[in-house]
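Colleague: I am new to this structure and would like to learn how to read a few of its features. Could we go through them one at a time?

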Amino acid sequence: MLTLSDAKIGMVVRIDSIGESELKQRLMTMGLIPGTRVEILNSAPLGDPIAIRIRSYNLAMRRADAAQIEVSIVE
């Protein structure tokens, strides 16, 4: 199982599922829904947060929240 927090910079992944959390509904409202492609752009110097590109915008996300999102690598 690969999570969004495990993905490396430059990888393109597809969201498979989002674990139950307080932020699940908010993340889905921002476009993080199963089947969506996400590109890992960058991470802060200490590794948290990470920057991702989803649809037409960039989003910064804490690694703890990204760990709740299961993804698969897009080839």
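Modeller: Let us begin with accessibility, for which a cut-off is needed: a residue is called buried under 20% relative accessible area, exposed over 50%, and partly exposed in between. Please keep in mind that this is a predicted model.

Colleague: Is S21 then buried, exposed or partly exposed?

Modeller: S21 counts as partly exposed, because its relative accessibility is 32%, and S21 sits in the loop between strand 2 (12–18) and helix 1 (24–29). G10, in the loop between strand 1 (2–3) and strand 2, is likewise partly exposed, with a relative accessible area of 48%.

Colleague: How far apart are G10 and S21 in space?

Modeller: The C-alpha atoms of G10 and S21 are 27 Å apart, and the two residues are separated by 11 residues in sequence. For S21 and L2, which lie 19 residues apart along the chain, the C-alpha separation is 18 Å.

Colleague: What should I look for in the phi angle of R55?

Modeller: As a general idea, most residues other than glycine have a negative phi. In this structure, R55 has a positive phi of about 55 degrees although it is not a glycine. R55 belongs to the loop between strand 4 (50–54) and strand 5 (57–61), and R55 counts as exposed because its relative accessibility is 53%.

Colleague: How do strand 4 and strand 5 run, and how many bridges join them?

Modeller: Strand 4 and strand 5 run antiparallel and are joined by 5 bridges, with A51 standing opposite A60 in strand 5. Together the two strands form a hairpin with 2 residues between them, and R55 is in the turn.

Definitions and conventions
Residues numbered from 1 in each chain as written. Predicted model: local features only at pLDDT ≥ 70, side-chain atom pairs only at ≥ 80, totals over all residues. Heavy atoms only, no water. Helix = DSSP H or I, 4+ residues; strand = E, 2+ residues; numbered from the N terminus. Buried < 20%, exposed > 50% of the residue type's maximum accessible area, 1.4 Å probe, protein only. Pairing = 2+ DSSP bridges.
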